[in-house]
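Hi,

Here is the structure I promised to pass on. Have a look at it first, and then read my notes below.

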Amino acid sequence: MKHILAIFFITLSIQGIFAQTTKFGIKAGYNYASAKATYAGVKQPVTGKSGFGLALTTKLDFDGVLHFSPYVGYNMKGFIINPKTGNTKKEEYTIHYFDIAPLLSLDFPVGENTFVVSGGPILGLTNFGKQKITTTANVTTSQKMAFGFGGYGWFDLSLTAGISYHFNKTFVEVAYTPGLANINNNEEFDGRNIRNRMLSLNIGYYFK
């Protein structure tokens with residue numbers, strides 16, 4: 001009985017700590033996505049595409065100004081490549097990612113508000129994308145992207161760095177996210193190395 005009561009009171013204490021130090025919120029905004037692309041070692045011209053993102057976020061106190069600020073959410077990425085050689089004039093891609101981001105943040109009070117610097121890794125998961133290919137003969141075909149060992153990667157690893165300004169419950173955030181991994185799993189055969197890039201502008205709200 002004593003052990004049960006001890007566990008009960010410890011559980012209540014932990015809940016009380018989290019209730020005081022943890023925030024839960026949502027953020028959404030505009031993405032300008034692009035890529036760094038090289039074909040057979042030659043850098044290719046790339047144009048960005050507009051998209052959007054939506055995420056659930058939380059914030060947990062660590063020590064002082066340091067916080068754990070992870071989020072999970074959706075981001076639409078994409079890019080347009082104009083190959084320098086070959087029979088393709090234009091390649092347009094749109095990819096939908098589910099992102100898991102275990103980020104850290106530093107809070108700096110500014111009067112009653114807070115300036116925040118955040119950063120960390122992002123693991124993106126996808127099985128949904130569309131590609132539109134235009135040949136030099138101006139013939140355009142559109143199809144779903146093929147994901148797997150002989151196609152595009154199900155996973156994408158990135159780093160992100162952002163700054164934000166927090167009011168009482170709302171905040172505005174700007175973040176840049178460069179991809180670390182080649183999203184083309186077929187590089188050893190076609191020589192195509194493609195890495196995502198994304199600049200995002202978000203507005204967020206903390207429910208607590």
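A cavity here is a set of grid points where a 1.4 Å probe fits but cannot get out, and its volume is the space filled by probe spheres set on those points. Keep in mind that this is a predicted model.

With that rule, two cavities of 30 Å³ or more turn up. If you want to find it by strand, at least two lining residues come from each of S1 (22-39), S3 (46-63), S5 (71-81), S8 (113-135), S10 (155-166), S11 (170-178) and S12 (192-206).

The second largest cavity has a volume of about 140 Å³. It has 14 lining residues, with Thr57, Ser69, Ser118, Glu173 and Tyr206 nearest its centre. Two or more of the lining residues come from each of S3, S8, S10 and S11. By type, this lining divides into five nonpolar, six polar and three charged residues.

Now for how some of those strands sit together. S3 has another antiparallel partner in S4 (residues 66-68), through three bridges, where Asp63 faces Leu66 of S4. S3 and S4 make a hairpin with two residues between them, and Gly64 in that turn has a positive phi of about 65 degrees.

Two more backbone spots are worth a click. Most residues other than glycine have a negative phi. Ala40, which is not a glycine, has a positive phi of about 55 degrees. You'll find Ala40 in the loop between S1 and strand S2 (42-43). Asn138 is another non-glycine residue with a positive phi, near 65 degrees, and it belongs to the loop between S8 and strand S9 (140-144).

Ala40 has 67%, so it counts as exposed. Asn138 has 53%, so it is exposed as well.

Cheers

Key. Residues numbered from 1 in each chain as written. Predicted model: local features only at pLDDT ≥ 70, side-chain atom pairs only at ≥ 80, totals over all residues. Heavy atoms only, no water. 1 Å grid on protein atoms, 1.4 Å probe; cavity = no way out; pocket = protein on both sides within 12 Å on 5 of 7 lines; lining within 4 Å. Helix = DSSP H or I, 4+ residues; strand = E, 2+ residues; numbered from the N terminus. Nonpolar A, V, L, I, M, F, W, Y, C, P; charged D, E, K, R; others polar. Buried < 20%, exposed > 50% of the residue type's maximum accessible area, 1.4 Å probe, protein only. Pairing = 2+ DSSP bridges.
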